[in-house]
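Please look over the sequence and the structure before reading on.

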Amino acid sequence: MNVNLKPRPINFNFGEYINKGFEFLKKDFGNIFIAFLVCIVMSIIPFCGLLAMGNMYKYLQKLNKNQPASPGDIFDFKDFMPYFILQLIVFAAIFIIYIPLIIVLALTGSISGSDDANPLAAIFMVPYIIVVMIAIYYFALKAFYITPLISLKGIKDIKTAWNISKVMTQGNLIAILLFAFVVGLLAQIGVLACGIGLFLTLPFVYAANYFAYEDALQQIEFDEITEIGSKNEF
């Protein structure tokens, strides 16, 4: 674990993140838009979608802190392995989820002996799909901070990043879900503009997410000097 981090539940201010995302996008739209296009190009490379997204947040951090930054920085493969492992874990989870469905469909199909839908399959599949969807949302929300922990804090071990993210999201799952819903809804405005607007709204999604990540990481940073000072007050 990064010694400068002190995991704790985050005070999640999604309204603030959305406002800051809009202001940031208006201030540096040209640079963010170009970086977004580069991010799309890198995402085309197999197994580099999450890496491109993580590098995009690195770029936004540099831009926000007025540090030297170039859209070309997104083509950085330093964090490839953590994201590659993360994707393998996701693929394995999806495969495991499908195993019961395949078994049930095979068994009910052999029992019915025809192409007609077997009611036994529906009895199993409906509640199973509901449970799976709830589980997917739960784990996705609990893993909300894994990307910034890897890209912005340099934590390469997926298990460590997962454990920290679990602590950070305690008591915040509904707030994070609402944030994701609102940001996603705003992004869908681009779809209404014949798809062209997506090139305007999707960069906003990255900007809003960045401020959510940046604020959360600041809340769990362990400042030894401040900690010593606070102890001396008692």
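Asparagine 66, whose phi is positive and near 60°, follows H3, where helices (H or I, at least four residues) are DSSP runs numbered from the N terminus. The model is predicted, with local features needing pLDDT of at least 70 and side-chain atom pairs counting only at pLDDT 80 or more, while totals for chains, interfaces and linings use all residues. Residues are numbered from 1 along each chain as its sequence is written, and side-chain values use heavy atoms, with hydrogens and water left out.

**Helix H3**
- The 16 residues of H3 should span 22 Å at 1.5 Å a residue, and its end C-alpha atoms, 23 Å apart, agree with that; the expected span is 1.5 Å times one less than the number of residues.
- Buried residues of H3 include Leu51, Tyr57, Lys58 and Gln61, buried being under 20% relative accessible area, exposed over 50% and partly exposed in between (1.4 Å probe, protein chains only).

**Packing of H2 and H3**
- Helix H2 (residues 29-43) packs with helix H3 (residues 49-64) at an angle of about 160°, their axes 8 Å apart, with axes fitted to C-alpha atoms over the stretch in contact and angles running from 0 to 180 degrees between N-to-C directions.
- That angle makes H2 roughly antiparallel to H3, a term for angles over 145 degrees.

**Lysine 166**
- Lysine 166 lies in helix H7 (residues 158-168) and is partly exposed, at a relative accessible area of 32%.
- Its C-alpha atom is separated by 8.6 Å from that of proline 9, 157 residues apart along the chain.

Notes: Helix = DSSP H or I, 4+ residues; strand = E, 2+ residues; numbered from the N terminus. Parallel < 35°, antiparallel > 145°, perpendicular 65-115°, else oblique.
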